[in-house]
Amino acid sequence: MAIGERDPHSGHMTTGHEWNGIKELNTPVPKAVWLFLIVTVIFSIGYWLLMPAWPLGRTYTRGLLDNDQKEIVAKRVSAAAQGRSAWTQRIAAMSYDQIRADPALMAYVREDGHRLFGDNCAACHGMNATGNAGFPNLTDRDWLWGGTPEAIAHTIAVGVNSPASKDTRVSQMMAFGKDGILDNDAVLAVADYVKTLSEPSWAKGKAASVAKGREVFAANCAVCHGDQGRGNPQVGAPDLTDRTWLYGGDIDAIYTTIYTGRQGEMPAWEHRLDPVDRKILTVFLLDKGGKP
Amino acid sequence: MVSGLTISERQRSMAVLIVLAVIGLVMAAAGANRADPMQAHGFLVLLFSLGVLCFVLNGYFEPEPSATRLTSYYDDPSKAGIVIAMLWAVFGMFIGDWVAWLLAFPDMTFDAAWSSFGRLRPAHTTGVIFGFGGNALIATSFHVMQRTSRARLPDQFSPWFVLIGYNLFCLLAVSGYFLGITQSKEYAEPEWYADIWLVIVWVTYLVLYLRTLARRKEPHIYVANWYYLAFILVVAILHVVNNLAVPASFAGAKSYSLFSGVQDAMTQWWYGHNAVAFFLTAGFLGMMYYYLPKRAGRPIYSYRMSIIGFWGITFFYMWAGSHHLHYTALPQWVQTLGMTFSVMLLVPSWIAAANALLTLNGAWDKVRDDATLRFMMMAAIFYGLSTFEGSFMAIRSVNALSHYTDWTIGHVHAGAMGWVALITFGSIYAVVPWLWKRERMYSPVLVEAHFWLALAGTLIYVFAMWNSGIIQGLMWRTYNDSGTLTYSFLDSMVAMHPYYVARAIGGLLFLIGAIVGCYNIWMTIRRPSGASALTDDALLPANLQPAE
């Protein structure tokens with residue numbers, strides 16, 4: 001039997017054991033420790049009585065409060081939807097112009113649209129809808145697929161080149177250089193010509209190239225982009241005469257676009273967002289673009 | 001180091017290494033045949049075994065150790081383990097801080113798969129938990145076990161097998177992430193062959209520990225050994241159960257877990273939480289229960305509190321894992337049990353922290369003057385803080401706010417940096433002069449600098465994540481008048497940015513501290529042994545239980 005000794009500092013006895021010089025005091029466990037241990041155990045027993053807690057074979061103790069997290073969340077979701085329906089029903093029923101003319105409703109659209117846009121669109125189009133390289137700016141009123149409310153709503157629903165929608169908008173710019181449709185000189189020439197459409201001063205000193213480019217353009221590009229290069233919203237062909245560029249407007253970017261082609265993709269949202277949410281997003285975007 | 005092994009142990013080592021090299025060759029050939037990433041791991045195993053084999057061969061013809069070795073403790077594996085642990089610390093913390101900067105500035109990486117966030121993150125967690133923490137636990141457990149049992153390790157081969165084998169597992173794990181090999185189970189990412197290897201290593205570790213304890217000259221088993229033993233035993237059980245899987249092919253890295261759906265989630269978090277409990281808590285409590293009283297020169301405050309703390313922690317922790325799955329498909333009654341057992345767990349956890357801090361009564365002047373002891377004191381405080389936080393966050397309604405936010409990240413780092421790393425650094429600073437028979441660390445000033453770097457880094461990190469986590473949680477649940485969420489997820493991302501920068505700065509301070517520590521340890525090892533070398537051995541070697 002080990003003999004304890006008194007620790008001069010604390011006045012407590014040691015247990016008499018020693019391990020490589022380490023001793024242990026036999027200090028009693030403080031009463032507060034027992035108290036807190038008992039309190040936490042009582043809390044737990046109380047919680048078990050009130051809430052689902054212990055398994056009983058194929059079932060479990062359901063608790064006095066009859067608390068069920070699945071029922072609770074279902075109730076809360078339906079209550080929230082009901083609260084929201086006060087104004088979403090009006091959105092569903094009203095025309096785009098009517099909604100935009102209603103300041104109270106527009107306040108809701110701006111609040112909810114911000115969240116909808118942020119969670120679904122901003123990853124590509126940016127937090128402020130001002131776009132990124134390859135992803136259009138949605139605030140400049142320059143719409144690839146048409147800027148009417150109906151056209152915007154349709155784009156959101158079916159997307160562009162989206163495998164998820166059979167009605168998706170289809171936009172395929174061919175890889176004229178890579179696929180050998182045009183030789184390299186022709187690609188260089190048509191790039192020069194396209195550049196002059198928005199920046200006439202580019203033609204200076206390149207008369208021959210631009211003239212050749214004009215012919216190439218008429219034969220290969222005008223089908224989609226139009227004789228004047230003003231684009232065609234039916235096939236999402238951009239207007240080449242303005243200063244808005246989806247993939248960059250410097251001569252290298254234009255060359256790359258013609259050489260490798262462009263097949264941008266936008267997801268279809270018809271299966272992911274309900275019609276009211278898509279309508280809110282449409283109005284939100286019209287509002288972002290400012291007054292026509 | 002090879003000179004410490006007997007000829008038969010050298011032969012045994014070579015046999016094991018040759019078998020391992022052959023296994024590596026077979027893995028490489030099988031993987032190459034199917035163009036499977038296992039090929040690379042085969043070559044890793046092959047090169048690793050050949051490298052160690054060269055080392056053994058190099059010392060093979062040295063004279064055998066004399067019989068007098070049996071009258072002293074066998075510390076070579078502990079020395080190697082501490083050096084390896086510090087190397088892993090720098091690697092793991094470097095990756096961690098890189099990932100922290102990457103979260104603030106997403107372009108701060110290479111345009112390559114290996115450097116994507118999803119691969120760097122497990123390299124960080126494995127590097128610090130298993131590389132740094134695991135090696136420190138193995139090294140200190142050998143040291144503590146021998147002294148508190150007054151018994152030499154039973155042989156010289158097993159500890160090396162455990163240490164080197166464990167590091168092969170760590171290398172397979174981390175290199176696997178960069179190659180894209182993962183089970184996608186958090187903290188259990190390595191694939192089936194690495195898992196099997198760890199089982200072999202770990203069982204050897206358990207047997208080695210039991211053999212030493214069985215031969216102890218002390219009548220009682222010291223509390224540090226209860227904790228080390230709980231760590232070794234339970235980690236073995238956790239590892240085996242959670243990693244039960246069927247390989248898609250024995251010639252490939254991919255396997256499929258035996259569990260699916262919510263059972264998989266429950267098994268994973270039973271494992272995950274008890275890895276926190278028995279790897280990151282029990283093991284390091286073992287460390288604390290030896291080095292803190294030893295350094296303070298004080299008896300343990302209360303033997304009775306040691307007992308209640310130990311059995312409370314081991315019993316309650318086992319139930320708590322389901323608190324990671326609140327408000328999920330997991331049945332609510334399982335969540336209730338997880339929550340209530342987590343609440344009851346608080347008291348035993350605080351008993352352990354209080355027992356450590358009260359042990360310092362009568363030695364607070366040393367805490368003031370000695371940064372090494374202060375590391376351990378601060379670790380006990382962070383242990384108390386993070387166990388309180390853990391129990392608090394396990395309460396369902398608190399978890400509703402904290403879950404999936406940075407609060408969780410802050411919580412684990414209060415534990416990992418504040419508790420695990422600080423107790424490890426403190427223990428290492430205590431044990432290095434003892435092991436290498438030096439008067440003191442090379443530079444006490446650098447120990448002091450490391451303490452403040454580590455503390456500042458931890459505080460900056462944890463406060464940044466608390467702020468960021470609570471803001472995230474609140475932003476995600478804020479509704480506006482229209483009955484919809486006010487903020488998009490991206491809004492909360494933008495709000496996090498300053499905290500992510502602060503977190504990365506905190507991590508950087510912590511990393512610099514670890515590098516300072518490495519330098520200090522290296523210089524201590526290089527410095528010649530002084531006449532007044534320190535030792536923690538209270539008893540004469542003659543009183544030692546020799547090897548088997």
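Predicted model: local features only at pLDDT ≥ 70, side-chain atom pairs only at ≥ 80, totals over all residues.

Colleague: At what angle do helix α14 and helix α16 of chain B pack, and how far apart are their axes?

Modeller: Helix α14 covers residues 406–435 of chain B and helix α16 covers residues 489–526 of chain B. Angles under 35 degrees count as roughly parallel, and the pair is therefore placed in that class. The crossing of α14(B) and α16(B) is left-handed. The packing angle is about 15°, and the axes are 11 Å apart.

Colleague: How many nonpolar, polar and charged residues does the contact of α14(B) with α16(B) have?

Modeller: From α14(B), the residues that meet the partner helix are Met417(B), Phe425(B), Ile428(B), Val432(B) and Pro433(B). On α16(B) they meet Phe510(B), Gly517(B), Ile521(B) and Thr524(B). By class, the contact comprises seven nonpolar, two polar and no charged residues.

Colleague: Is α6(A) parallel or oblique to α11(A)?

Modeller: Helix α6 (residues 149–158) and helix α11 (residues 275–288) of chain A pack at about 125°, with their axes 9 Å apart. This angle makes the arrangement of α6(A) relative to α11(A) oblique.

Colleague: What is the handedness of the crossing of α6(A) and α11(A), and how does their contact divide by class?

Modeller: The crossing of α6(A) and α11(A) is right-handed. Pro149(A), Ile152(A), Ala153(A), Ile156(A) and Ala157(A) in α6(A) face a set in α11(A) that includes Arg278(A), Lys279(A) and Leu281(A), and they meet that set in contact. The contact of α6(A) with α11(A) has eight nonpolar, one polar and two charged residues.

Colleague: How far apart do the C-alpha centres of domain 1 and domain 3 of chain A lie?

Modeller: Chain A is divided into three parts: domain 1 (14–60), domain 2 (71–168 + 266–288) and domain 3 (184–260). For domain 1 of chain A and domain 3 of chain A, the separation of the C-alpha centres is 79 Å.

Colleague: Which element gives the most to the side of chain A that touches chain B?

Modeller: The contact involves 47 residues of chain A and 43 residues of chain B. Elements of chain A that give two or more residues to this side are β1 (14–19), β2 (22–25), α1 (31–50), α2 (69–93) and α4 (103–120). By class, this side of chain A has 23 nonpolar, 15 polar and nine charged residues. The element that gives the most, with nine residues, is α1(A).

Colleague: What percentage of residues 32–50 of chain A is helix?

Modeller: UniProt, in an unreviewed entry, places the feature "transmembrane region" at residues 32–50 of chain A. In the model, the end C-alpha atoms of this span lie 27 Å apart, with 0% strand. The helix content of residues 32–50 of chain A is 100%.

Colleague: Which element gives the most to the side of domain 1 of chain B that touches domain 2 of chain B?

Modeller: Chain B is assigned domain 1 (1–62) and domain 2 (75–531), with 30 Å between their C-alpha centres. The contact joins 20 residues of domain 1 of chain B to 17 residues of domain 2 of chain B. On the domain 1 side, α1 (7–33) and α2 (38–59) of chain B each give two or more residues. The element that gives the most, with seven residues, is α1(B).

Terms used. Residues numbered from 1 in each chain as written. Chains lettered and ligands numbered in written order. Domains from an automatic or database assignment. Contact = placed C-beta atoms within 7 Å. Helix = DSSP H or I, 4+ residues; strand = E, 2+ residues; numbered from the N terminus. Nonpolar A, V, L, I, M, F, W, Y, C, P; charged D, E, K, R; others polar. Axes fitted to C-alpha atoms, helices over the stretch in contact; angles between N-to-C directions. Parallel < 35°, antiparallel > 145°, perpendicular 65-115°, else oblique. Left-handed = near helix turned anticlockwise from the far one by under 90°. UniProt positions renumbered as here; feature names shortened; annotations may be inferred.
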